[in-house]
Amino acid sequence: MSSIDYSEKIPNNVNLSEDRALQRALEHWQPNYLQWWQDMGPDGSQNFDVYLRTAISTTPEGWAHFGHVKMPDYRWGIFLAAQEEGRQVNFGEHKGEAAWQDVPGEHRANLRRIIVTQGDTEPASVEQQRHLGLTAPSQYDLRNLFQINVEEGRHLWAMVYLLHKYFGRDGREEAEAMLHRHSGSQDNPRILEAFNEETPDWLAFYMFTYFTDRDGKFQLCALAESGFDPLSRTCRFMLTEEAHHMFVGESGVSRTIQRTAEIMKQHGIEDPEQVRQHGVIDLQTIQRYLNFHFSVTIDLFGADQSSNAATFYSAGLKGRYEETKRADDHALKGDHYKILEVKDGKLVEKEVPMLNALNEVLRDDYIKDSIAGINRWNKVLEKAGLSFRLQAPHKAFNRHIGSFAGMRVSPDGRMISETEWQGKVRNWLPSEEDRAYVASLMGRVVEPGKMANWIAPPAIGINRQSVDFEYVRFN
Ligand code: BYC
Ligand code: FE
Ligand code: FE
């Protein structure tokens, strides 16, 4: 069950050849997907041989195979984690029932909506990152970008499989629509806001893969708890790939900080203008990028009070992060949770029914996990003997979804006037000028082992190869 059949047109471990109608439907979608990849996937790089990891089995040990592949020839397919014997619905009103192998009729619309929202983010991120290959700071980084891109493409396959197999005609229509919405499009944008933002440079890319792919981790963990077993198994396998995406983000930001710190120590400087004269990214600009990506990403968890979230949970469709490790009744009726609200011009805590606050619960778990990595970045500064520290902004800062939408809150959590906001926003969020400066550093470095001036080399290579290994062969 866990080994993947690569002799098929669509590699899979779900015995696709035994369901001819489904196989035909997916084989009909496949060329449209490939056309989308040509049109909207990585720009000007379809001919490169890239050292990519391909899944060969879904068992934890040794599922990966590495080799040089042209991206359009990558074997995208359908891989589910092994079925767990006797698995149950572990929360909500159906707790204790056998996990569903089919879509329960009454939850069909909600499940479809969740799967479509999840699926839509995957190709969106590929679109957002499509020009970055032209300005990669090294071959190693270029390879990591492409690895992430092909895996996000595969995550789309994962959701399209569920739509085709379990949602009939509606599902097939949703799968088509996923190739027609585009990130940032005026008439037909992606569903969630963060996926319509640009990822214009490599600092933005690392921040995106650190913060936004981490939303992927938390949402996938919540869906891996689902009572709908095929969704759970699909998400469990996707999570094994997500770890690398967040690693690329965390180590990318860390290497950027390290290089800046080296220059600051070497020349004994702290002033951002002076730091920029040496062609590296000043820590203040890194903080502003962090503020932007953090705030845009925490919007992805939805409104702080949501009846959708309560329904998804009570129906057994979407659990909490680490649901089965928690020691409560997994029904949450009558439980409460503290959220923030604005009262008399101040942010104050307020207790609300837990079920309605589950978006906030997941957001708070996410924030804890995010801050742990920011602290690891600060270790780099500490080691270099610098006093500057990076910080997560307050969770009410720069929000567009939920009760803080449209409010002006400083990064340290004060409610402020529009005038104060306008006067200070340049210190808090990347300005046009910051973005232009970062863009000016983005030049393409392609010799094996060489790095752009603004970033330190990675500690080790990929799959135990050296850092100067030929990760990409340009043809
Ligand atoms: N932008 O009741 P609410 C990943 C809408 S990332 C725009 O709170 P709900 C990846 C909402 O749709 C993981 N609209 O909504 C990472 C609703 O609209 P309607 C992605 C938003 O449903 C990197 C209204 O506001 N996966 O995998 O409780 C690279 C009221 O809100 C936004 C998932 O998200 C927004 N940010 O919560 C590649 C999991 N937020 O009905 C990939 C599936 C809310 O009033 N999705 N709205 O028209 C869900 O579980 C839920 O849909 C959400 C929203 C948590 C996103
Ligand atoms: Fe993904
Ligand atoms: Fe990802």
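This is a predicted model: local features need pLDDT of at least 70, side-chain atom pairs count only at pLDDT 80 or more; totals for chains, interfaces and linings use all residues.

Residues are numbered from 1 along each chain as its sequence is written, and chains are lettered from A and ligands numbered from 1 in the order in which they are written. Helices (H or I, at least four residues) and strands (E, at least two) are DSSP runs, numbered from the N terminus.

**Helix α1 and what covers it**

- Helix α1 (residues 20–40) has 21 residues and reaches 30 Å from its first C-alpha to its last, close to the 30 Å expected at 1.5 Å a residue, where the expected span is 1.5 Å times one less than the number of residues.
- The residues A25, L26, W29, Y33 and W37 of α1 are buried, a residue being buried if 20 or more other C-beta atoms lie within 10 Å of its own, exposed if 12 or fewer, and partly exposed in between, with C-beta atoms placed from the backbone.
- An α-helix has 3.6 residues a turn, so residues three or four places apart point the same way.
- The cover over the buried residues of α1 includes α3 (139–166) and α4 (168–180), with contact taken as C-beta atoms, placed from the backbone, within 7 Å.

**The α3 and α4 pair**

- The axes of α3 and α4 come within 7 Å and cross at roughly 155 degrees; axes are lines fitted to C-alpha atoms, for helices over the stretch in contact, and angles run from 0 to 180 degrees between N-to-C directions.
- That crossing makes α3 roughly antiparallel to α4, given that angles under 35 degrees count as roughly parallel, over 145 as roughly antiparallel, 65 to 115 as roughly perpendicular and the rest as oblique.
- On the α3 side, L156, V160, L163, H164 and Y166 meet G171, R172, E174, A175 and M178 of α4.
- By class, this contact of α3 with α4 has 6 nonpolar, 2 polar and 2 charged residues, where Ala, Val, Leu, Ile, Met, Phe, Trp, Tyr, Cys and Pro count as nonpolar, Asp, Glu, Lys and Arg as charged, and the others, Gly among them, as polar.

**The three-stranded sheet**

- An open sheet of 3 strands has the order β2-β1-β5, with antiparallel pairing, two strands being paired if DSSP finds at least two bridges between them.
- Strands β2 (64–70) and β5 (472–473) stand at the edges, each with a single partner strand, so one side of each is left without a neighbour in the sheet.
- Helix α3 packs on this sheet, touching β1 and β5, and its direction makes about 45 degrees with that of β1.
- β1 (residues 49–55) pairs with β5 over 2 bridges, V50 standing opposite V472 in β5, and β1 pairs with β2 over 7 bridges, A55 standing opposite A64 in β2.

**The β3–β4 hairpin**

- β3 (residues 336–343) and β4 (residues 346–353) pair in the antiparallel sense over 8 bridges, and E341 has V348 in β4 as its bridge partner.
- The two strands β3 and β4 form a hairpin with 2 residues between them, and D344 in the turn has a positive phi of about 50 degrees.
- Strand β4 is hardly covered, since the count of buried residues among its 8 residues is 0.

**Helix α8 and residue E242**

- In helix α8 (residues 283–298), 14 of the 16 residues are buried, so α8 is largely enclosed by the rest of the structure.
- E242 lies in helix α6 (residues 229–267) and counts as buried, with 22 C-beta neighbours inside 10 Å.
- Not counting residues up to four places away in sequence, E242 touches D213, G216, K217 and L220.

Key. Two residues are in contact if their C-beta atoms, placed from the backbone, lie within 7 Å.
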